[in-house]
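I opened this notebook to keep track of what I looked up, one entry at a time. The structure goes in here before the entries.

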Amino acid sequence: MNDFSVLVGGIAGDGINEAGLTVGRLFNQLGYSIYMYYDYPSLVRGGHNFVIVRASDRKIGVQKDHVDAVLALNQDTVNIHKFRLKDDALVIYDQGKVKLEGLKQITLPLPIEKILKEEGGIPVMRNTCIIGGLCKSLGIDWSVLEQVLKKHIPKKLEENLRTARRGYDAAQKHVEIKRLDQPSLPVLTGNHAIGLGLIKAGLNAYVAYPMTPSSSLLEFMASLAEEFGLKVIHPESEIAVMLMALGFAYAGVKTAVGTSGGGFCLMTEGLSLAGQAELPVVIMMGQRTGPSTGLPTYTAQSDLHFILNAGQGEFPRFVVSPGDANDAYYWSGVAMNMAWKYQVPAFILADKTVCEGLYSLDVDSNGELNEETPPLWNGNGKYDRYKYTDTGVSPLAFPPMKDQVIKADSYAHDEYGITTEDPKITKDLVDKRKLKGISMSKDLDTYETVKVYGEGKTALLCWGSNKGVCIESAEKFEMKAIQVLVLSPFPSKKLKEALKSVERKICVECNSTGQLARLLMQYGIHTDDKILKYDGRPFSLDDLEAELGKVTA
Amino acid sequence: MSPKDIATYAKNQWCPGCANFGILNAMKSLLKEMSGVGYPLENIVVVSGIGQHAKIADYLNVNSFYSIHGRTLPAATAIKLANPELRVICFSGDGDSLAEGLDHLIFAAKRNIDLTVVLHDNRVYGLTTGQYTPTSPLGFKGKSTPNGSEEYPMNPLEIMLASGASYIARAYPGRMEHFKRLLKDAIIHKGFSFVDVLQVCVTYNNLYDFYNKRIYEVKDNDPRSFDEALKIIRSWDYNSDAPVAIGKFYEKDLPRFDEMFPGYKPHKVEREAGLKRALENFI
């Protein structure tokens, strides 16, 4: 079995995330599938940051508790993560900062300070040095590391190469990491995948206010703005964010916004406006531990019902929860297409784990993604922005349209877009919106809104980031894993189909009240057990397997 | 109603004698006048908030975005950025943009986005039947402050000047010719223009008499002088008894937010190539 995990630990400022990326890229060059969990507290310097990079010959979406190598940039890393060391693990450490005692594992001290001084390196290059040591220890050829560094180090490349080489030379091979005959895929975070999927589907503007774990999507979009002609705006508040997105939509610009729970709270009035005025908008909501400020840099799945019900009044919405970067790429594009096809708000309901975790991306894994053109007005007669049709969807037009008037209205309105309080028109408007929801539902029948993995009389039901851990542990316990991708419109028929031969249903979620289980109840599906984790951390493979062991005992 | 009619079929709900009629009529006349000289009707977008003022979106037969309370400016900003050929006019109120939406008003001025704000400043919440607003005087007896408000009003023009607004004026529909000229000038100004309209609410805060006795048109001022503008702006504090100046107080030519965005929009082929490159960079 080709499954290798590396933990890198240090303080914030040590470049731990980058280090993890580099390790991931190394294994990627050798044909491995990558997953990385990044753990960091809410501070900029100090504290304890660590990553667990897992490389496997199969596709993975979860980390294991125990690791094959620890790269320790400080003492905390060894102290805190000692329990993770497998018997045959390797510990490579900065001998100037770490004292090891009584470890039976193989250890490799590196005189990093001395090396940096001699090679003209700066402190953040400590991790490059230690990765050099890792490479030699794992029998990875220097040329692989050299190639990765040359491609990805933005500045001081020469110093980094020298520092890495010193670390490499100081080590000796302990194990040989086999090169696999599999392609090297793009390795990126869920946020990156979301950005690319949105652009593929025709996004032209991105508006956001920084908030973990969505901020890196804002940063990514801003970096692509020039190349893709995007209007990327960081305005004064999330209220402005949402209202700008709606202004853009009114004028025909495909726009997405990104935020987390607290920021989304501020967007809810605008969301209701989107519902009433039928303005398309895509909202990337990256869940984190709440309530309120909670744990800003940790994960949760506790906003499902908030997202499903936010905004006063009733109106259809699209909600998809991607389970990894593959889902994030494809379904972000679908969200954009759905938003414009049905003129509804479309949510990409992610969480910190997916947003900031590292995954191997296979762009074609969910099928082809294309930008769809929304139904546009044919130019005949007088334009009515809210014309009744047999699908509930009114053809779109954007100013300037000669001799025509395009009115968006937050009040209940007639077909032309003039405010009304008439009871019949009010009801017709509601029915129109309901009809849109039904049309969207029918459309989604042709998509894999529910995904089934494996076979078994017991089913693990999950949504979002628990996809990887459920698929893998279900295999071990001979269970079926069912991932509910689309939460609204709810794929009741497809889910019931998937549950046909299932005798026991277990919901696996990162919240304390079983929100998916509760949603299933609304559709008459009763869950037998709930496995819930709500300490801000995602399930590790070991966590879920232990719980499944208890539940099946 | 034909697309060329400037008025819609919507039944007007304003009280007889409301100064909103003055604003509406001035706009109808201006829009007709300007449609032949670089402001075609199809390029006009009216954005309004929530309040009696906002109903103008229902009454003018032009493109409109009838927004939510306090949120005209972010929507209007994006509409202008989407297509700089559009001429965006925000109609707002003292409750709408000085209370609920003050943040956005300040930022719109700060960004110098090319649009015009026509503030229906009647110094009362008309739609919700008579509460005090940020420009109501100290001691204003309204439904939420029956014993008299305990707050001094703010001076919206002073706030706009401090926020970097590139065009600041105050107007009074009671002087219709002056009013129309000022509105036109504000719309033509390239950049963020703010017009505080002393719009009288006959039902809840009838200040016709007060204004008619104190209003005077400012002439011969240098609108490029910040200090002069500040002096005029501070000459009446929305609270004390003083002459009330109307006219253009400040105008400057500054870089605009809408100029900062690329007009470039890649074709599908270029986008596909860009995505391929982006993916390659992640390997």
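The entries below cover a pair of helices and then a chain interface.

Entry one, the model. I note that this is a predicted model.

Entry two, the helix pair. I looked up helix 7 of chain A, residues 190-200, and helix 8 of chain A, residues 215-228. Their axes come within 9 Å and cross at roughly 40°. An angle between 35 and 65 degrees is neither roughly parallel nor roughly perpendicular, and helix 7 of chain A and helix 8 of chain A are therefore oblique to each other. I also checked the hand: helix 7 of chain A passes helix 8 of chain A in a right-handed crossing.

From helix 7 of chain A I listed Asn191(A), His192(A), Ile194(A), Gly195(A), Leu196(A), Leu198(A) and Ile199(A). Helix 8 of chain A brings Ser216(A), Leu217(A), Phe220(A), Met221(A), Leu224(A) and Phe228(A). Sorted by class, this contact has 9 nonpolar and 4 polar residues, and no charged ones.

I found 54 residues of chain B in contact with 63 residues of chain A. The two chains bury about 4900 Å² between them, and carbon and sulfur atoms give 61% of that area.

Entry five, salt bridges. I looked across the interface of chain B and chain A, where the rule finds 5 salt bridges. I also looked up the salt bridge of Glu236(A) with Arg111(B), in which the closest N and O atoms are 2.5 Å apart.

Definitions and conventions: Residues numbered from 1 in each chain as written. Chains lettered and ligands numbered in written order. Predicted model: local features only at pLDDT ≥ 70, side-chain atom pairs only at ≥ 80, totals over all residues. Heavy atoms only, no water. Axes fitted to C-alpha atoms, helices over the stretch in contact; angles between N-to-C directions. Helix = DSSP H or I, 4+ residues; strand = E, 2+ residues; numbered from the N terminus. Parallel < 35°, antiparallel > 145°, perpendicular 65-115°, else oblique. Left-handed = near helix turned anticlockwise from the far one by under 90°. Contact = heavy atoms within 4.5 Å. Nonpolar A, V, L, I, M, F, W, Y, C, P; charged D, E, K, R; others polar. Buried area = accessible area lost by both parts, 1.4 Å probe. Salt bridge = Lys/Arg side-chain N within 4 Å of Asp/Glu carboxyl O.
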